[in-house]
Amino acid sequence: MPKILKAKLINFEQSWQLGEVPEDWQKANVAPVFKKGKKKDPGNYRLVSLTLVPGKVMEQLILETIARHMKDKKLIRKSQHGFTKGKSCLTNLITFYDEMTGLVDQGRAVDVVYLDISKAFGTVSHRILIEKLMKYGLDEQTMRWIENWLNCQAQRVVISVRKSSWRPVTSGVTQG
């Protein structure tokens with residue numbers, strides 16, 4: 001195993017064991033990325049949060065730990081499609097369609113309510129997220145790491161060479 005890889009693995013293990021997240025892993029540069037349309041319209045940009053690769057790798061390791069725990073404890077219902085391997089928006093839509101057409105075929109009334117939760121991840125309270133994860137019985141080390149990671153996040157906006165000041169992040173979760 002290359003020395004650099006071994007050193008990184010040791011860093012990840014120490015971070016998790018101590019429940020401490022290196023400060024530079026918790027900082028993100030937020031940059032606007034042009035999508036399409038007129039460049040002068042701010043609505044034609046998507047904000048991207050850029051963080052260091054080691055922090056992203058550790059996030060994935062923690063995500064796998066949480067996913068394994070949720071699966072082992074059978075905490076995810078079969079009806080859950082989002083963030084579930086082998087399931088997607090399409091499988092959710094197909095299941096929904098099958099259930100609704102089945103009810104209509106039986107002559108039963110069907111009411112449908114659509115909710116737009118497209119910004120939901122940006123509004124998740126860190127405090128509430130931590131309480132929920134504790135409720136589901138995650139181990140103490142993982143919980144300590146997640147708390148440290150969430151409670152010490154900061155971001156700034158970077159446009160060209162100009163940078164805003166660092167600001168704490170109190171809500172929202174990473175996506176991906």
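User: Is Glu-131 buried, partly exposed or exposed?

Analyst: This is a predicted model, in which local features need pLDDT of at least 70, side-chain atom pairs count only at pLDDT 80 or more, and totals for chains, interfaces and linings use all residues. Residues are numbered from 1 along each chain as its sequence is written, and side-chain values use heavy atoms, with hydrogens and water left out. Buried means under 20% relative accessible area, exposed over 50%, and partly exposed in between (1.4 Å probe, protein chains only). Glu-131 has a relative accessibility of 44%, so this residue counts as partly exposed.

User: Which residue forms a salt bridge with Glu-131?

Analyst: A salt bridge is a side-chain nitrogen of Lys or Arg within 4 Å of a carboxyl oxygen of Asp or Glu. The closest N and O atoms are 3.0 Å apart, and the partner is Arg-127.

User: In which helix do Arg-144 and Glu-140 both lie?

Analyst: The side chains of Arg-144 and Glu-140 meet in a salt bridge, at 3.3 Å from N to O. Arg-144 is partly exposed at 32%, whereas Glu-140 is exposed at 63%. The two residues are four apart, about one turn of the helix, and both lie in helix 5 (residues 140–151).

User: How many salt bridges does the structure hold?

Analyst: Lys-27 also forms a salt bridge, with Glu-23, and their closest N and O atoms are 3.4 Å apart. For the structure, the number of salt bridges is three.
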